[in-house]
Amino acid sequence: MGKQFEITNNVRKLRFFNDEMTQQQLAEKAEVSRQTIIAIEGGKYSPSLELAFRIAHAFGVQINDVFDYRVTEK
Amino acid sequence: MSYQIAKTITNILSGTGVLVVYLFYVSNRYQAGLLAMDELQSWSQIMLIFIGIGIAVAILVQIIFHILFSIGMAVNQSIKNGNCNDQDLEKTIKMEMVEDEMGKLIELKSMRVSYITVGIGFVASLALLFFDYSAFIALNVLFASFYTGGILDGFTQLYYYKRGV
């Protein structure tokens, strides 16, 4: 029995509730490329703590409203 | 297609192009009897010339790519907004071309693949010399490993951009 760690995010949902903010607009606010936003949204890349804060700041919410950390038993 | 992926594909194509031209040129000259296996001075001269050509082609292709990419962005903006504002366009291009943490991480990982390829090429060329193959073969294996490393670097970047890091 091992533990599995997973980081999920609500970026897509938060973009939708922020006047349907585009990935490009979020990328501009977080000062990263659109490619990075696409990867984060798709769960293909876990951002650094700094970037996670920048994304949360772009939405005006707390970091745990954007990212969630789950531990599941395998 | 994002800027990073388009740029990587362009790099792969230019690297492959130079390697193919080199192989074509060398095999033609060799078959025509203009180059002998033991003429190391001529081989090194050709390789030096092709290293120069490789650098020049890479710079030229990047310039052309960035011009075409900027034109593409301008056309895209004109279609979207009905007009093309220079300041907005500059801002959009800057944002597309930004190098962030994910790009740097992918670059590091792909560079590792590139170093490993060159390392394998170097060891292979030494092994060839050890097993009494001619220096011309060892030199060409080493030369090809540098270009192959560059090409694999590009493919690794594409893989990580598609699959994630």
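**Reading the model**

Mentor: Of the 74 residues in chain A, 24% are buried. Please keep in mind that this is a predicted model.

Trainee: Which secondary structure elements does chain A have, and in what order do the elements run?

Mentor: Chain A comprises five helices and two strands. Read from the N terminus, the order is β-α-α-α-α-α-β. Along the principal axes, the C-alpha atoms of chain A fill a box of roughly 45 × 20 × 20 Å.

Trainee: How many residues of chain A are in contact with chain B?

Mentor: On chain A, 13 residues are in contact with 13 residues of chain B. Helices α2 (23–30) and α3 (34–41) of chain A each supply at least two residues of the side that touches chain B. The most comes from α3(A), with four residues. By class, this side of chain A holds five nonpolar, four polar and four charged residues.

Trainee: What describes two packed helices?

Mentor: Two packed helices are described by the angle between their axes and by the distance between the axes. In chain B, the axes of α2 (residues 40–81) and α3 (residues 86–96) come within 10 Å and cross at roughly 125°. Because of that angle, α2(B) is oblique to α3(B). The crossing of α2(B) and α3(B) is right-handed.

Trainee: Which residues of α2(B) and α3(B) meet?

Mentor: From α2(B), B:Ser70, B:Met73, B:Ala74 and B:Gln77 meet B:Asp88, B:Leu89, B:Thr92, B:Ile93 and B:Glu96 of α3(B). The residues of this contact divide into four nonpolar, three polar and two charged.

Notes:
Residues numbered from 1 in each chain as written. Chains lettered and ligands numbered in written order. Predicted model: local features only at pLDDT ≥ 70, side-chain atom pairs only at ≥ 80, totals over all residues. Contact = placed C-beta atoms within 7 Å. Nonpolar A, V, L, I, M, F, W, Y, C, P; charged D, E, K, R; others polar. Buried ≥ 20, exposed ≤ 12 C-beta atoms within 10 Å, placed from the backbone. Axes fitted to C-alpha atoms, helices over the stretch in contact; angles between N-to-C directions. Parallel < 35°, antiparallel > 145°, perpendicular 65-115°, else oblique. Left-handed = near helix turned anticlockwise from the far one by under 90°.
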